[in-house]
Structures are given as C-alpha cells and as structure tokens.
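The report below goes through one structure, starting from individual side-chain pairs and ending with the relation between the chains. Please read it alongside the sequence and the model.

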Number of protein chains: 2
Amino acid sequence: MSDGDDLVALLAALASPHRLRILAALAAGRTYVSELARRLGMNRPLLYMHLQRLEAAGLVTGELVTAPDGSSVKYVEAVPFALALDLDAITRAAQTLTDKER
Amino acid sequence: MSDGDDLVALLAALASPHRLRILAALAAGRTYVSELARRLGMNRPLLYMHLQRLEAAGLVTGELVTAPDGSSVKYVEAVPFALALDLDAITRAAQTLTDKER
DNA sequence: TGGGGCTGTCATGGTTTCCTGACAGGGGGC
DNA sequence: GCCCCCTGTCAGGAAACCATGACAGCCCCA
C-alpha cells in the first residue's frame, strides 16, 4: 500500500549529504560501523542515526557478526537500487499518497 | 560547481507529499497560485513556500501576468525533468559535495 | 462605499530533524 | 589491574522545517 509514501521516504533518505557519502563509501564494499565512522570523520551516534534511516528506506543492510571469541562487529552494506523519476512517474505516485494518517 | 549539492537540493525538493501533489497537478497544465491552492485544498501561504522550494530547485517556473486591466495573476508551470539514480551515480555525486560551506 | 478576487510578506508557534557528549556493556591484551 | 576496541542508547540543545492566521496592496463590479 501507498507506493507514493514509499517514494517520499526513499527520496527523504537520499536527500542528505551525509547519507550520500555513506552510500558512496559502502558502494566500495562493506565495512563495520566504527571503521566507517572513522573513514567519514563523523560521530558514531550520528552515523548510527543515518544508518538507521538508510536501513529503514531499504538502501542498506546491517549484520551483527559475533566472532568465535565473543567480540562482535556490525557489518553494513549497500543494497543496489535504481530509481527513474520524471513528471509522469510523480503524477502516478501522487495518486497513491496517504491522505493524512493518524 | 557542486553537482552533488544540486542533487541533494533536488531530492530534498521532491521529498515531500505536498510538493509531489503540486507537481502532479501542474503536470496536467499550468494554473495560477490561488486556483492551485483551492484545487489542492491547502493554505495559500503554505503553497507559496512550497512553490518557492520547487522553483529554487528548478522544478517549477512562475510568471506574473498582468492583464491589460491591471489585475495580475501568477501562473506557475512544471519544468520537465528526468532523474536516474543508482549507487554509481551517487558515488560520483558524493565526490562533488561541498565540505562545509559557511 | 462595500465586497470580492488576486498577490505578497510577516510574526508566530509547533514539530521534526540534526548533532554532540556521556554512558553502560562486552571482549581482548598487556 | 589498566587501556583499547567494539556495540548500543540516552538526554539535551541548536537549527531547520511546517503550517497558520493576519495584514497591506492592487484590481474590478455593483
């Protein structure tokens, strides 16, 4: 349901310099969170939030890997996608927008 | 300069139910502001703000038409566009992001 | 002179987003 | 014991965004 709402969510997830950088970094291969934070030079809690947004939008997947020694590392990786947008697509999407939930 | 920043601005402009509805309405043809506000059932100042965002992103153009009798009406119309986005495109765009303006 | 239509802008709240420092917990190696 | 690395969550404040009502200005028609 609500294809249009999904589009809005996807666009909102992409409309952020930080998140674009995150996706670009992940396009090169998967890493774990702390390493990614270091590479991008951003606060880890901040990165966390953005990763959650990206994951909620289905653009990223996370996997918590626990080594045999018990220490755990969370690997995160980008989900391939393709988006094509023009006025027609928007017109179609707008018809499936939820009026006003809640 | 800063192709990536433009992309972010474009995405941000599109990531809104209201603005998608506005674009959908304009895709059917140009109208003037008050009429559009009536058709979409939204506050005129609110519509104004959203139109400004869309115009700033280059998705819409406005033209203030002054009739021979002196009364003026602002016609607004959607600018055709096409956007194709995937991980590669994002990787490229991310490289042209402004670090931290201001 | 009043009423209606249109365009713009403003002051004002109310949310939401964004970002940071701090903390708790787990595990390792000196 | 101390130090370092990892994960996850929280409180709190700054900043941006949304949305509304009200106003001033201009025009027409009756």
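In chain B, the side chains of B:Arg30 and B:Glu63 meet in a salt bridge, with 3.4 Å from N to O. This pair links distant parts of the chain, for B:Arg30 lies in the loop between α2 and β1 (31–32) of chain B while B:Glu63 belongs to strand β2 (residues 60–66) of chain B, 33 residues apart. The model is a predicted one, and in it B:Arg30 is partly exposed, with a relative accessible area of 41%; B:Glu63 likewise counts as partly exposed, at 41% relative accessibility.

B:Arg30 also meets the side chain of B:Glu77 in a salt bridge of 3.6 Å, N to O. Here the link runs from the loop between α2 and β1 of chain B to strand β3 (residues 72–78) of chain B, which holds B:Glu77, and the two residues are 47 residues apart. B:Glu77 is partly exposed, at 36% relative accessibility. In chain A, A:Arg30, A:Glu63 and A:Glu77 are linked in a network of salt bridges.

## A pair within helix α3

Over all chains the structure holds eight salt bridges, and one joins the side chains of A:Glu35 and A:Arg38 at 3.2 Å, N to O. Because these residues are three apart in helix α3 (residues 33–40) of chain A, about one helical turn separates A:Glu35 from A:Arg38. A:Glu35 counts as partly exposed at 21% relative accessibility, whereas A:Arg38 is exposed, with a relative accessible area of 55%.

Chain A contains an open sheet of three strands in the order β1-β3-β2, with antiparallel pairing. Its edge strands are β1 (31–32) and β2 (60–66) of chain A, each of which pairs on one side only. Seven bridges join β2(A) to the antiparallel strand β3 (residues 72–78) of chain A, and A:Val65 stands opposite A:Val73 in β3(A). Helix α2 (residues 17–27) of chain A packs on this sheet, touching β1, β2 and β3 of chain A, and its direction makes about 100° with that of β3(A).

In chain B, the buried residues of helix α2 (residues 17–27) include B:Leu20, B:Ile22 and B:Leu23. Just after α2(B), B:Gly29 takes a positive phi of about 140°.

## Domain record and symmetry

UniProt, in an unreviewed entry, places the feature "domain: HTH arsR-type" at residues 9–91 of chain A. Over residues 9–91, chain A is 52% helix and 25% strand.

Chain A can be laid on chain B with an RMSD of 0.1 Å by a turn of 180° and a shift of 0.0 Å along the axis, which is the relation of a two-fold axis. Of the residues of chain A, A:Ala84 comes closest to the rotation axis, at 2.3 Å (C-alpha). The copies meet through the same surface, because 100% of the interface residues of chain A are also interface residues in chain B.

Note on methods: Residues numbered from 1 in each chain as written. Chains lettered and ligands numbered in written order. Predicted model: local features only at pLDDT ≥ 70, side-chain atom pairs only at ≥ 80, totals over all residues. Heavy atoms only, no water. Least-squares fit on C-alpha atoms with pLDDT ≥ 70 in both. Contact = heavy atoms within 4.5 Å. UniProt positions renumbered as here; feature names shortened; annotations may be inferred. Helix = DSSP H or I, 4+ residues; strand = E, 2+ residues; numbered from the N terminus. Pairing = 2+ DSSP bridges. Axes fitted to C-alpha atoms, helices over the stretch in contact; angles between N-to-C directions. Buried < 20%, exposed > 50% of the residue type's maximum accessible area, 1.4 Å probe, protein only. Salt bridge = Lys/Arg side-chain N within 4 Å of Asp/Glu carboxyl O.
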